[in-house]
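Here is a short briefing to read alongside the model. Take a moment with the sequence and the fold, then let's walk through them together.

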Amino acid sequence: QVQLAESGGGLVQPGGSLRLSCTASGFTLDYYAIGWFRQAPGKEREGVSCISSSRGSTSYAASVKGRFTISRDNAKNTVYLQMNSLKPEDTAVYYCATVVGRLCVPTPRSHWGQGTQVTVSS
């Protein structure tokens with residue numbers, strides 16, 4: 001079956017790092033742009049970062065730019081989100097999804113992962 005699965009979340013202290021993975025099963029990720037999103041309790045989902053399927057162009061939300069890095073390894077059918085200098089406000093469930101366009105928006109046909117919890121706390 002066609003699935004995306006996130007992994008790599010966990011509990012980390014402020015200033016720490018985590019690397020999230022988004023791995024596709026049942027389809028090839030090469031042709032898809034992938035976005036990372038996050039949602040904290042009581043807050044709307046927000047886009048964090050995305051990477052294109054063509055030249056690997058990347059984009060970042062202002063809140064994470066300079067701290068997070070998105071990359072992809074098509075041979076492993078995986079997109080990564082390296083998160084450094086984590087802050088408590090980064091605490092959220094992180095999701096990956098297929099996205100389209102330069103604004104990296106999901107569509108009704110987008111594939112979504114189940115989410116992985118990231119908690120930044122001392």
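**Overall fold**

In this predicted model, residues 24 or more positions apart make up 57% of the chain's contacts with a separation of 6 or more, a contact being heavy atoms within 4.5 Å. Local features here need pLDDT of at least 70, side-chain atom pairs count only at pLDDT 80 or more, and totals for chains, interfaces and linings use all residues. Residues are numbered from 1 along each chain as its sequence is written, and side-chain values use heavy atoms, leaving out hydrogens and water.

- The chain has 0 helices and 10 strands, where helices (H or I, at least four residues) and strands (E, at least two) are DSSP runs numbered from the N terminus.
- With a radius of gyration of 13 Å, close to the 14 Å from the globule rule for 122 residues, the chain is as compact as a globular protein of that length; the radius is taken over C-alpha atoms, and the rule is 2.2 Å times the number of residues to the power 0.38.
- Along the principal axes, the C-alpha atoms fill a box of roughly 40 × 30 × 25 Å.

**Burial and surface**

- Of the 122 residues, 41% count as buried (buried is under 20% relative accessible area, exposed over 50%, partly exposed in between; 1.4 Å probe, protein chains only).
- V100, L103 and V105 form a nonpolar surface patch with about 280 Å² of accessible area together; patch residues have over 30% relative accessible area and no salt bridge, with like charges joined within 9 Å and nonpolar side chains (Val, Leu, Ile, Met, Phe, Trp, Tyr) within 5 Å.
- V105 sits in the loop between strand 9 (92-99) and strand 10 (116-120), and its relative accessibility of 39% makes V105 partly exposed.

**Salt bridges**

- The structure holds 3 salt bridges, each a side-chain nitrogen of Lys or Arg within 4 Å of a carboxyl oxygen of Asp or Glu.
- E46 pairs with R38 at 2.7 Å between the closest N and O atoms; E46 is partly exposed at 33% relative accessibility, while R38 is buried at 5%.
- D90 also bridges to R38, with the closest N and O atoms 2.9 Å apart. Because D90 lies in the loop between strand 8 (78-83) and strand 9 and R38 in strand 4 (residues 33-39), this pair ties together parts 52 residues apart in sequence.
- D90 and R67 meet in a salt bridge of 2.7 Å, N to O. R67 lies in the loop between strand 6 (58-60) and strand 7 (68-73), so this pair links parts 23 residues apart in sequence.
- D90 is buried at 0% relative accessibility, and R67 is buried at 11%. Shared partners join R38, E46, R67 and D90 into one network of salt bridges.

Conventions:
Accessible areas come from the Shrake-Rupley method with a 1.4 Å probe; for residues, only the protein chains shown count as cover.
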